[in-house]
Protein chains: 2
Amino acid sequence: MPKISIKGHQMPASPIRELVPFSEAAKKAGKHVYHLNIGQPDIASPKVALDAVRNMEISVLEYSHSAGFESYREGLAQYYRKNGINLTKDEIIITTGGSEALIFGFMTCFDPGDEVIIPEPFYANYNGFAMTAGISVVPVTAKIEDGFALPSIADFEKLIGPKTKGIVICNPGNPTGYLYSKGELEQLRDLVKKHDLYLFADEVYREFCYDGAQPFSVMNLEGIDQNVILIDSVSKRYSMCGARIGALISKNKEVMAAAMKFAQARLSPPTLAQIASEAALETPDEYFTEVVDEYVVRRNITVDGLNAIPGVFCPKPKGAFYCIASFPVDSAERFCQWLLEDFDYQGETVMMAPASGFYATPGLGEKEARIAYVLEKESLKKAVKCLEEALKVYPGRLTL
Amino acid sequence: MPKISIKGHQMPASPIRELVPFSEAAKKAGKHVYHLNIGQPDIASPKVALDAVRNMEISVLEYSHSAGFESYREGLAQYYRKNGINLTKDEIIITTGGSEALIFGFMTCFDPGDEVIIPEPFYANYNGFAMTAGISVVPVTAKIEDGFALPSIADFEKLIGPKTKGIVICNPGNPTGYLYSKGELEQLRDLVKKHDLYLFADEVYREFCYDGAQPFSVMNLEGIDQNVILIDSVSKRYSMCGARIGALISKNKEVMAAAMKFAQARLSPPTLAQIASEAALETPDEYFTEVVDEYVVRRNITVDGLNAIPGVFCPKPKGAFYCIASFPVDSAERFCQWLLEDFDYQGETVMMAPASGFYATPGLGEKEARIAYVLEKESLKKAVKCLEEALKVYPGRLTL
């Protein structure tokens with residue numbers, strides 16, 4: 001029997017999934033589990049998107065163009081222009097989710113052994129995409145006490161060496177919910193320009209900005225348009241995670257030409273999901289107003305509720321639908337597992353993602369967990385109540 | 001402006017696409033182009049599959065399990081059992097097309113720098129997937145005069161060195177249409193066992209076997225079940241190329257566990273297409289009988305028609321819907337381009353894929369082209385007639 005490559009072993013387990021066996025056991029034991037561990041919203045997808053698939057008149061489910069439907073790319077360019085981002089269809093390749101956009105981007109821009117700097121905590125799957133491309137992730141630490149603001153540029157510069165080829169950010173951020181200001185992004189712009197790096201920005205939560213905050217896209221940073229790679233996806237915007245439609249976007253023609261070869265090798269992004277995604281461009285503005293209003297309520301219930309529990313600290317994020325809270329416990333990992341295995345409050349418990357898996361630096365985030373506030377408000381209230389009760393009896397609870 | 005990685009440049013252009021600018025120019029000039037260059041059949045997808053999507057009752061287009069719907073994997077296992085291949089759902093990961101299955105398989109089983117041996121001519125995108133995984137393709141040449149039968153085991157053994165970790169076959173074959181016999185596969189089995197290699201088999205054309213020939217799956221080779229990785233896809237079986245649903249299949253638990261990490265990093269295969277693919281399992285047997293009968297007619301028109309043209313030689317394949325023909329020309333690449341640029345017969349011409357792009361050895365296949373006989377019969381007759389007329393006037397025609 002041949003040996004399997006160590007790559008498979010190197011691949012870190014996903015922090016949002018590692019407790020799945022315990023949640024399954026909890027459910028078998030009859031507990032109701034509030035799933036705050038995964039960013040799968042319960043929000044309905046736009047009717048216009050699903051109806052387009054229901055009413056499709058095709059008889060052969062054909063490949064699309066490797067870059068995606070031309071009409072969809074044109075529609076997307078229009079969507080970006082409406083959002084103040086000036087793009088043409090030729091600067092867009094439709095991908096199978098934001099995931100594939102990141103892989104194509106990494107494969108195109110970097111060589112094996114290259115390094116990218118990523119503010120931690122970061123979306124854990126960036127590790128997998130980096131590993132796929134053979135590059136190393138160098139973390140720069142954002143701190144919970146700063147609300148996960150951009151680390152100082154001095155902190156970045158300490159990490160820049162000959163192998164450093166890029167910076168990757170997620171804005172608004174998963175897992176922190178932090179929304180970078182224009183000022184922070186301009187600092188990054190100067191750094192990118194100075195060291196001639198690629199700047200990857202995952203802006204899939206663009207629509208989810210709260211308290212009047214406006215997202216600022218890296219595409220609008222002046223003077224680095226050849227360095228910027230924008231990653232996008234319909235997953236969160238339209239609550240269409242299962243579509244698996246994203247986009248790789250750049251004004252750098254060479255990057256796009258090279259990325260196109262990867263796109264051609266895998267033939268095309270999924271056709272049915274492109275039909276849905278193109279139709280989703282017609283989603284009325286009210287859909288987003290309602291969704292954002294709903295998330296603000298959910299965030300407030302979750303974050304205010306958490307901060308009202310003695311010893312819990314949770315910065316109030318301005319974007320996405322995640323927050324990271326620190327708990328007065330010995331280990332968030334043990335606490336999360338204990339919640340599933342050994343605890344219930346009136347037959348209910350909570351599943352969270354231990355935050356250590358979102359940090360690349362060993363030992364960080366050990367008292368923190370990521371919470372996706374993707375459930376309706378009554379569930380979130382009950383989930384917060386569960387956590388409050390749990391902390392009263394958790395054996396590894398720290399005294400304040 | 002940062003340098004883009006050379007990887008993008010190393011990626012070979014796809015032989016089925018490199019003439020696309022010429023075909024577009026031909027169409028602009030008013031010519032009708034018969035597209036024999038790409039394996040996009042005109043066959044209707046099963047109604048039961050498209051109807052399942054039209055009638056779906058979901059309101060949130062959610063992620064599926066990273067390995068795919070459990071119900072779909074169970075249904076697929078049943079499909080395989082019906083086809084004499086004994087599998088359980090846990091031996092199947094649903095992927096985004098056969099393409100992703102190959103990438104996950106290569107990433108899981110091989111380390112950068114490893115070598116895989118592939119009989120050439122081979123499906124050109126294997127190059128892209130190998131490059132993605134950082135491995136090298138070592139070709140072993142199958143010859144047109146042998147109808148592209150399996151090269152001798154001695155030829156394989158000459159190429160096996162310390163870096164050799166696997167063999168990749170496509171059966172029935174794209175681009176040759178060759179169907180390996182049980183005897184040929186058993187020779188490969190012995191070789192794989194002797195050198196402890198992985199055997200990847202792309203069997204996506206399983207349903208397309210002609211003249212009473214039966215496909216023999218590598219899954220049924222005795223004694224190497226821990227070495228075998230099966231790649232599958234719904235693209236050709238149900239004429240659902242645009243679904244982008246495939247499968248990575250192995251009885252090797254360690255391989256599956258490692259591959260699962262790559263599957264989790266990209267979250268899930270497309271949900272809508274899984275709904276279609278699961279429903280496609282209910283496709284009546286008559287669908288395949290009709291499709292196979294249709295392809296036999298198409299193959300005969302194409303291959304017999306080509307062989308009737310003086311100086312053209314085309315082995316008659318027993319599977320898939322491709323054939324490779326050699327032409328009495330200076331260069332098949334120039335001939336294919338000339339067909340689009342400088343030729344028409346009654347306003348019509350033909351687009352073929354020059355075969356050199358399917359060979360890894362430089363200089364091979366230079367007088368050959370791949371033809372996908374995926375059009376209805378009248379079109380194929382006209383396309384063959386075009387080629388006959390073209391060869392009468394092509395300036396680079398060789399004298400016989």
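I began with α12(B) and helix α13 (residues 377–393) of chain B, whose axes come within 11 Å and cross at roughly 105 degrees. Axes here are lines fitted to C-alpha atoms, for helices over the stretch in contact, and angles run from 0 to 180 degrees between N-to-C directions. α12(B) and α13(B) are therefore roughly perpendicular to each other (angles of 65 to 115 degrees; under 35 is roughly parallel, over 145 roughly antiparallel, the rest oblique). I listed Phe335(B), Trp338(B) and Leu339(B) on the α12(B) side, with Leu387(B), Ala390(B), Leu391(B) and Val393(B) on the α13(B) side; contact means heavy atoms within 4.5 Å. By class this contact has 7 nonpolar, no polar and no charged residues. The classes are: Ala, Val, Leu, Ile, Met, Phe, Trp, Tyr, Cys and Pro nonpolar; Asp, Glu, Lys and Arg charged; the others, Gly among them, polar.

A note on the source: this is a predicted model, in which local features need pLDDT of at least 70 and side-chain atom pairs count only at pLDDT 80 or more, while totals for chains, interfaces and linings use all residues. Residues are numbered from 1 along each chain as its sequence is written, chains are lettered from A and ligands numbered from 1 in the order in which they are written, and side-chain values use heavy atoms, with hydrogens and water left out. Helices (H or I, at least four residues) and strands (E, at least two) are DSSP runs, numbered from the N terminus.

**The other neighbour of α12(B)**

Next I looked at helix α2 (residues 20–28) of chain B, which packs on α12 (residues 332–341) of chain B at an angle of about 20 degrees, with the axes 8 Å apart. α2(B) and α12(B) are therefore roughly parallel to each other. Phe22(B), Ser23(B) and Ala26(B) meet Gln337(B), Leu340(B) and Glu341(B) there.

**Covered helices**

How many residues of α6(B) are buried? I found 9 of its 9, for residues 125–133 of chain B (buried means under 20% relative accessible area, exposed over 50%, partly exposed in between, with a 1.4 Å probe and protein chains only). Among them are Tyr126(B), Phe129(B) and Met131(B). Gly134(B) follows α6(B) and has a positive phi, near 75 degrees.

In helix α3 (residues 47–54) of chain B, the buried residues are Ala49(B), Leu50(B), Asp51(B) and Val53(B). They pack against α3 (47–54) and α10 (271–280) of chain A, together with α10 (271–280) of chain B.

I counted 10 cavities of 30 Å³ or more. On a 1 Å grid over the protein atoms alone, a cavity is a set of points where a 1.4 Å probe fits but cannot get out, and a pocket is an open set with protein on both sides within 12 Å along at least five of seven lines; lining residues have an atom within 4 Å of a point. Grid points are joined across faces, edges and corners, and a volume is the space filled by probe spheres set on the points.

The largest cavity has a volume of about 380 Å³. Of its 29 lining residues, Glu100(A), Ile103(A), Glu100(B), Ile103(B) and Phe104(B) lie nearest the centre. α5(A) gives the most to this lining, with 5 residues. The lining has 13 nonpolar, 10 polar and 6 charged residues.

The largest pocket has a volume of about 1000 Å³. It is lined by 32 residues, and the closest to its centre are Arg17(A), Val20(A), Glu24(A), His65(B) and Gln264(B). Its lining divides into 13 nonpolar, 9 polar and 10 charged.

Which peptide bonds are cis? One runs from Asn171(A) to Pro172(A), with omega near -10 degrees, and Pro172(A) sits in the loop between β5 (164–170) and α8 of chain A. Another joins Glu120(B) to Pro121(B), with omega near 0 degrees; Pro121(B) sits in the loop between β3 (115–120) and α6 of chain B.

Arg244(A) is not a glycine, yet its phi is positive, about 65 degrees. Its loop lies between β7 and β8 (246–249) of chain A, and at 2% relative accessibility Arg244(A) counts as buried. Asp211(B), also not a glycine, has a positive phi of about 60 degrees. Asp211(B) counts as partly exposed, at 48% relative accessibility.
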